Amino acid sequence: MTFALEPEGSAVLAEVAELVETYGREEILALRAEVEALGAERHAESFHRELAKRNLLAIGLPEPWGRSAGPTERYALHETLDAAGMPTYSLELNETMAGMIARQGRPELVAEHLPKLLAGEWTYAGGYSEPEAGSDLLALRTRAVREGDEYVVTGTKLWTSSAHLADWIVTIVRTDPESQRHRGLSILVIDAKAPGVTIDAVPVVGGWRVNAVSFDAVRVPAAHLLGEENRGWAVISQALTDERTMSFGGRESRLLLARLIHRWAATGEAVDDVRAEALGDLVVELEIERLLNLRAAALGERGEDAAAEASISKVFGSELAQRTAEWVDSALRPRTRCTRDVISTARTGDDISCAGSVDPLVADAAQALRTSTAFTIIGGTSEVQRNVVADRGLGLPR
Ligand SMILES: Cc1cc2nc3c(=O)[nH]c(=O)nc-3n(C[C@H](O)[C@H](O)[C@H](O)COP(=O)(O)OP(=O)(O)OC[C@H]3O[C@@H](n4cnc5c(N)ncnc54)[C@H](O)[C@@H]3O)c2cc1C
């Protein structure tokens with residue numbers, strides 16, 4: 001199987017490489033400070049707007065909105081940005097939302113939202129999980145009652161990433177109180193600043209913030225419904241599969257490992273057989289992770305069901321990210337000499353703290369160790385992904 005991109009795909013990548021090149025040491029440092037200040041996972045508003053300027057926020061959408069790019073091309077876009085250490089979570093989040101709105105929105109909603117989303121002026125969060133409905137999302141209790149041209153929404157969402165930065169929260173609600181499980185659910189695009197919406201910070205390991213979002217009789221125009229009333233499960237399950245097709249931690253791991261290798265090459269570090277073997281194993285596994293993601297993307301491109309393949313790549317990549325972070329962290333511990341290497345100087349500003357006591361590569365490895373814990377939970381836990389593989393992939397009875 002080959003994964004060569006069509007010429008248009010390569011053109012997108014060339015554009016992205018050019019964008020990345022405009023970020024030198026000072027710009028990277030400013031981005032890092034912005035990500036830290038916003039406190040959300042890999043989110044910097046200024047970089048989001050740069051992507052918007054180049055019409056890169058939803059390349060998968062057909063023209064005039066996007067560039068009709070397939071999943072493989074989308075994957076390549078993310079890979080290029082992540083390999084350069086750029087903050088891309090808001091891209092992942094908003095391109096998923098752009099797809100849902102474009103495919104499932106009423107024409108007036110599409111006309112109002114897509115231009116703002118694609119210009120980077122409005123950002124979106126996904127309000128699915130609840131305090132008692134995470135893995136078992138179908139147990140959700142947030143309700144929406146139709147009153148004339150509006151829905152009245154009441155309930156609480158938990159773990160909502162970037163809700164404190166978002167203009168809109170794409171929310172799954174129960175519209176038919178008599179229904180069970182996947183029936184009777186609907187998707188609403190809710191104004192994050194509407195009366196009755198309260199957003200509280202929930203700190204998670206690694207210094208990020210996610211949110212608890214409560215809706216107290218929030219009035220939402222009926223035109224903000226995505227898809228059909230009571231048939232929201234089909235809308236959301238496609239979006240969740242799309243989300244899992246993206247790499248969870250693998251790309252960050254590759255960058256971390258590359259930085260360590262550059263560091264060792266620059267310092268002439270003696271790498272004994274044990275470390276060389278462990279390093280080689282990680283490099284092989286990271287390549288497998290990449291191919292698993294591309295396989296899921298390629299299936300999606302052909303319009304085939306990629307649920308099991310997306311779950312396989314999610315389990316493998318997220319667990320590998322934890323192992324890679326752990327290994328790099330421990331490999332750095334005995335020595336913390338600070339040097340300038342190609343990637344760090346150009347892209348991550350590693351050398352900046354050399355004068356101080358903190359070695360940024362050591363700090364970033366420790367941070368990766370903390371944040372990678374979330375990768376096996378976010379987007380559905382490893383246990384749940386394994387259930388999907390058993391059920392959808394192997395056809396085993398539940
Ligand atoms: C950093 C972070 C960001 C997140 N961002 C968002 C977001 O933006 N939007 C959103 O809606 N959600 C978000 N989530 C929520 C995430 O999807 C849920 O945390 C996840 O689905 C697990 O749900 P839970 O936390 O309720 O755990 P639970 O479902 O209570 O699970 C507890 C444990 O039981 C295990 N378990 C549960 N059911 C089964 C089963 N059937 N078989 C085997 N084991 C099982 C789980 O694997 C887990 O180990 C985020 C989570 C984190 C940590």
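S162 sits in the loop between β3 (150-158) and β4. Helices (H or I, at least four residues) and strands (E, at least two) are DSSP runs, numbered from the N terminus. The phi angle of S162 is near 60 degrees, a positive value in a residue that is not glycine. S162 is buried, at 4% relative accessibility. Buried means under 20% relative accessible area, exposed means over 50%, and partly exposed lies in between (1.4 Å probe, protein chains only).

This is a predicted model, in which local features need pLDDT of at least 70 and side-chain atom pairs count only at pLDDT 80 or more, while totals for chains, interfaces and linings use all residues. Residues are numbered from 1 along each chain as its sequence is written, and side-chain values use heavy atoms, with hydrogens and water left out.

N55 also has a positive phi, near 55 degrees, and is not a glycine. N55 belongs to the loop between α3 and α4. With a relative accessible area of 26%, N55 is partly exposed.

## A cis peptide bond

P64 is placed in the loop between α3 and α4 (71-83). The peptide bond leading from E63 into P64 is cis. Its omega is near 10 degrees.

## The S179 loop

S179 lies in the loop between β4 (168-174) and β5 (185-191). Its relative accessible area is 13%, so S179 is buried. A polar atom of the S179 side chain is 3.0 Å from the backbone oxygen of R183. That is a polar contact: a pair of N or O atoms within 3.5 Å; within protein, one must be able to donate a hydrogen and the other to accept it, and residues adjacent in sequence count only if both atoms are side-chain atoms.

## Salt bridges

Side chains of opposite charge can pair when their charged atoms come close. Here a salt bridge is a side-chain nitrogen of Lys or Arg within 4 Å of a carboxyl oxygen of Asp or Glu. The model has 24 of them by this rule. One joins the side chains of E92 and R42, at 3.5 Å from N to O. E92 is in helix α5 (residues 89-104) and R42 is in the loop between α2 (25-38) and α3 (45-53), so the pair ties together parts 50 residues apart in sequence. Both partners are buried: E92 has a relative accessible area of 12%, and R42 has 17%.

E50 pairs with R54. Their closest N and O atoms are 2.8 Å apart. R54 is partly exposed, at 26% relative accessibility.

R323 and E285 form another salt bridge, at 2.9 Å from N to O. R323 is in helix α10 (residues 307-332) and E285 is in helix α9 (residues 273-301), so this pair ties together parts 38 residues apart in sequence. R323 is partly exposed, at 39% relative accessibility. E285 is buried, with a relative accessible area of 19%. Salt bridges with shared partners also link E79, R254, E287, E289 and R290 into one network.

## E277 on helix α9

E277 is in helix α9. It is exposed, with a relative accessible area of 56%. In sequence, E277 and R333 are 56 residues apart. In space, their C-alpha atoms are 18 Å apart.

## The ligand site

There are 18 residues around the ligand, and S129, S135, W159, T381 and E383 come nearest. A residue is near a molecule or strand if one of its heavy atoms lies within 4 Å of it. By class, the shell has seven nonpolar, ten polar and one charged residues. Ala, Val, Leu, Ile, Met, Phe, Trp, Tyr, Cys and Pro count as nonpolar, Asp, Glu, Lys and Arg as charged, and the others, Gly among them, as polar.

S129 places a backbone N or O atom 2.7 Å from an oxygen atom of the ligand. An N or O atom in the S135 side chain lies 2.7 Å from a ligand oxygen atom. W159 has a polar backbone atom 2.8 Å from a nitrogen atom of the ligand. Taken alone, the ligand exposes 970 Å², and the protein buries 66% of that. These areas come from the Shrake-Rupley method with a 1.4 Å probe; for residues, only the protein chains shown count as cover. Elements giving two or more residues to the shell are β7 (208-221) and α13 (382-393). Domain 2 (125-230) and domain 3 (247-393) both give residues to the shell, so the ligand lies between them. The domain bounds come from an automatic or database domain assignment.
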